[in-house]
Amino acid sequence: MALPTIESPKYFLTVPSTKESVEFRPFLVKEEKVLMIAQEAGTNQSMISAMKDVINACTFGALDLYSLSMSDLEYILIQIRAKSVGETSDIKFKCDECDEFIDITIDLSEIKVTKSKNKENKIQLTDDIGITLKSPGLKEAEVAARSSKKNTIVQSLMTVIESVYDGESVYPFADATPKEIEKFIDSLNSKQVVKIKEWVDGLPSLKKEIKYKCSKGKERTKVLSGLDDFFA
């Protein structure tokens with residue numbers, strides 16, 4: 001005799017960038033195992049792979065994950081997690097002022113994706129050369145995670161530069177070799193890197209401002225940003 005099948009409840013969420021309404025279900029034991037194994041592995045590559053697999057399963061394969069930004073994917077995963085485990089998350093972080101660890105509970109339903117502050121996606125580096133930038137998505141995150149150069153400026157910048165242009169031509173990064181990309185990024189000066197970083201800081205992202213009192217009784221403010229902060 002076959003065991004009875006348990007039906008999962010279904011919910012809807014709105015993808016921040018596209019405003020598309022998508023049906024989803026909570027993750028099951030098998031998907032929770034995928035997330036736990038990825039957390040234990042502790043690598044970007046394992047976490048990105050787990051995120052992709054869980055979102056794809058819980059949204060019934062309805063989304064083209066590679067067309068979405070990482071902020072979209074992080075938001076979707078938080079919505080799935082909220083309906084699977086609970087709509088609050090207990091986090092711990094170190095206060096910048098008193099150096100003590102703060103324990104706080106946040107409401108995941110209040111987390112939103114900020115709007116882009118960027119008016120255009122081009123930065124002029126010199127009189128003759130400029131770059132076109134893009135919001136990093138799943139493909140770029142996977143490439144960066146596989147890179148042998150972990151936690152470097154090269155790894156970060158390669159995910160947001162789409163192409164280089166001059167007065168004559170456009171040179172897509174997708175057509176360049178890893179060595180050519182690294183050589184170009186290594187040639188940037190500090191002011192040019194700051195310009196790119198400012199553009200990246202203006203991209204949509206998961207953010208929530210929280211207020212708390214430190215051990216000295218003073219009220220402090222901290223801005224949480226990204227999945228790591230919300231489940232610290």
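This is a predicted model: local features need pLDDT of at least 70, side-chain atom pairs count only at pLDDT 80 or more; totals for chains, interfaces and linings use all residues.

**Reading a helix pair**

Q: Which hand does the crossing of helix 2 and helix 4 have, left or right?

A: The crossing is left-handed.

Q: Which residues make the contact?

A: Helix 2 contributes Asn44, Gln45, Ile48 and Lys52. From helix 4 come Leu138, Ala141, Glu142, Ala145 and Arg146. By class, that contact has 4 nonpolar, 3 charged and 2 polar residues.

Q: What does the protein chain hold in helices and strands?

A: The count is 8 helices and 11 strands. The C-alpha trace spans about 70 × 60 × 35 Å along its principal axes.

Q: How much of the protein chain counts as buried?

A: Buried means under 20% relative accessible area. Of the 232 residues, 39% count as buried. Now take contacts with a separation of 6 or more: residues 24 or more positions apart account for 59% of them.

Q: Where is confidence lowest, and where is it highest?

A: Confidence is given as pLDDT, from 0 to 100. The lowest mean is 72, in helix 8 (residues 227-230). The highest is 97, in strand 7 (residues 130-133). For the protein chain the mean pLDDT is 88, and 96% of its residues reach 70 or more.

How values were computed
Residues are numbered from 1 along each chain as its sequence is written. Side-chain values use heavy atoms; hydrogens and water are left out. pLDDT is the predictor's confidence in each residue, from 0 to 100. Helices (H or I, at least four residues) and strands (E, at least two) are DSSP runs, numbered from the N terminus. A crossing is left-handed if the near helix is turned anticlockwise from the far one by less than a right angle, and right-handed if clockwise. Contact means heavy atoms within 4.5 Å. Ala, Val, Leu, Ile, Met, Phe, Trp, Tyr, Cys and Pro count as nonpolar, Asp, Glu, Lys and Arg as charged, and the others, Gly among them, as polar. Buried means under 20% relative accessible area, exposed over 50%, partly exposed in between (1.4 Å probe, protein chains only).
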